[in-house]
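Thank you all for coming. Please have a look at the structure on the screen, and then I will walk you through a few parts of it.

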Amino acid sequence: MGRILRWLAVFWTFLSPLWAQVDLPSPQAHLSQYNAQQEALALAGEILSSLQPEQRQRVMGLVGQIRGGSVQDLSPERVEELLDTIGWQQHRVRILELALHQSGVLEIVPEDKPAWRHLVHDALLFFLDKLSRQRLIDRLLTQLGLPPDASRGERMLRLADRTPSLQKLGQILARQPEVPEDIRNSLQQLENSISTTEPQQLIDDIVEDVGRQVLEQYRVEFADRVLAEASVGAVIRASLVFPGEEEPRQAVCKVIKDYAVTALEEDLDIFSGLALYFEEHADHYGLGSVPLSEMFREVRNALLREVQVVEEQNNLRRAHEYYSGQPKVKIPRIYPISTDRVTFMEFIEGGKITDAFVDNEKARSHLADQLSEILILDVLFAQDDPALFHGDPHAGNVFYYEGQDEPDQQSPRYRIALLDWGLAGTLPRTQRKQIVQLLLGVQLNDAKRMRQNASALVEGGIPDTPQDRVRVDAIVTSTLASRGKADPFTVLSDFITRLAQAGYRINFNLGLYIKAQITAIGILKELDPDFDLAGDATGRLGIMILKESPKRLLNTVYFPNWTQHNYPSMVSNEDIRDVQFQYIGRGFRRLGIWIWKGISFPLRAFR
């Protein structure tokens, strides 16, 4: 749960304005003392008692209409009438507070972490307070329109409705095992099951943007329902016929939603004040010296990429070429009638990877191994330089579908499709070498190795001053001391957070890659609860090292090459010796004694 809390701290730090009308920071004891049910009754009593009988009757009639599920039928004028009647501005802060508590969102953070709940509470209250009048009214009406027995997951979804920044966070949390299962199940709807767009409206937008003549030239026909919808985009199926061809091609058309662009712009405007607020109150929230302005820019850039259609199209083309030689990976092909707002691409017949082979544990385990290879290990050990990686591999962006290869006779055929390339990055081999060294440092609990490679994570490197050396030493020590049973990438994420809190600016691509791997690990654990990333990586390294044996033997004889990393595995002979010493007496797991019989014999001569 520690990494989830740190992620929440970083993200919610970006969700609060500077000049809010609410009185913040809230008292430390507020959360333990607040009773939403009692406050709802008290507030309703105060409002109703202040109204004339005819006003009270109109208000109760409108509330009954909302409770009856007719929120969408209410005209803006009727809503304004209700608000003006109750004089809601004088009760506004209490209404926001009540809506926040009743949404259930604070229950993501455990009760035994009051400091974290306090931070999330105040950040969200600020965020709601700075929303435009209409978006705030929408939030309140959707909460009010839910039935009394609505689940906390459903209430969270309604709070995030039409709010891209909150929906993106929900996608991140949706596969994290530390989040309560019922909340995870609800948040997973944010991956591609949002429902705010009507098919005809989507088609009208496409016709307006692409042009009716072009659509007629390609004989485009649309489905009668929206296929999928996420935080900023909606997808509808279509068929098209290329000029000179007769057979139709199955396609999907992805459109950036107008309201999502507008909402995201407002979210980013709110962010402009939030960093200043938390920097001013850093001591109150225990944030230390977190470089909020730098981190805000990174989060802002990541969110902006969600609506940069041309960049996503370029990423898709690059990924299609990059993976063209891998038969088990599918990247949808872009069709030429795409525009800077609308993307026509190849349709992939399949489903979310977490829904694959639900009754076949062995097949799901094979799928986890394959996904680990594609998203994590193939990036680290890629022959291409730089290596390309998917920056947002949540389950809605990773599909499985029937392929031509079989992992074994008992398992179904499968391939993996990587969709939605709005977030992508590249890693040159020099940086990947250092990531491997950092991962070894975590596995071997080697503080020296982590210190030597920490500069790779920081933009421009870490200055070589006595103060910086002392600071980084302390960060490495605290990171390794708190790792517990966490996987190596989670520990590196913790390491990055601590470096950022110390004032270092994290390299965007490296930070994105490590965060993306945490998202991927959430999927891997769901496919196979026993999945062991460290063991999987060790097995891959063992095979690579065995193939490198001839060159390694020569470099053993020529002692100056003992520490070189110029191998496909990027692991030196000295690294192998360190691993051997670490695992003596405990077995070598997948690396295996059989590797050492072939490789370490010459090494032992130099001990």
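How many residues does helix α19 have, and how far does it reach from its first C-alpha to its last? Before I answer, a word on the source: this is a predicted model, in which local features need pLDDT of at least 70 and side-chain atom pairs count only at pLDDT 80 or more, while totals for chains, interfaces and linings use all residues. Residues are numbered from 1 along each chain as its sequence is written, and side-chain values use heavy atoms, with hydrogens and water left out.

Helix α19, residues 429–444, has 16 residues and reaches 22 Å, close to the 22 Å expected at 1.5 Å a residue, where the expected span is 1.5 Å times one less than the number of residues. Helices here are DSSP runs of H or I with at least four residues, and strands are runs of E with at least two, numbered from the N terminus. Among the buried residues of α19 are Gln431, Arg432, Ile435 and Leu444, buried meaning under 20% relative accessible area with a 1.4 Å probe, protein chains only. After α19 comes asparagine 445, whose phi is positive, near 55 degrees.

Let me turn to the sheet. Four strands form an open sheet in the order β1-β2-β3-β5, with antiparallel pairing; two strands pair if DSSP finds at least two bridges between them. Because β1 (221–229) and β5 stand at the edges with a single partner strand each, one side of each is left without a neighbour in the sheet. β3 and β5 are joined by five bridges, and valine 252 has methionine 345 in β5 as its bridge partner.

Now to the rings. The whole structure holds nine aromatic pairs, counted where ring centres of Phe, Tyr or Trp (its six-membered ring) lie within 6.5 Å, with planes under 30 degrees apart called stacked, over 60 edge-to-face and the rest tilted. One of them joins phenylalanine 242 and tyrosine 335, edge-to-face, at 5.4 Å centre to centre and 75 degrees between the planes. Phenylalanine 242 lies in the loop between β2 (233–240) and β3 (249–256) and tyrosine 335 in the loop between β4 (329–330) and β5 (342–346), so the pair ties together parts that are 93 residues apart in sequence. Both residues are buried, and together with Tyr218 they form one aromatic cluster.

Terms used. Buried means under 20% relative accessible area, exposed over 50%, partly exposed in between (1.4 Å probe, protein chains only).
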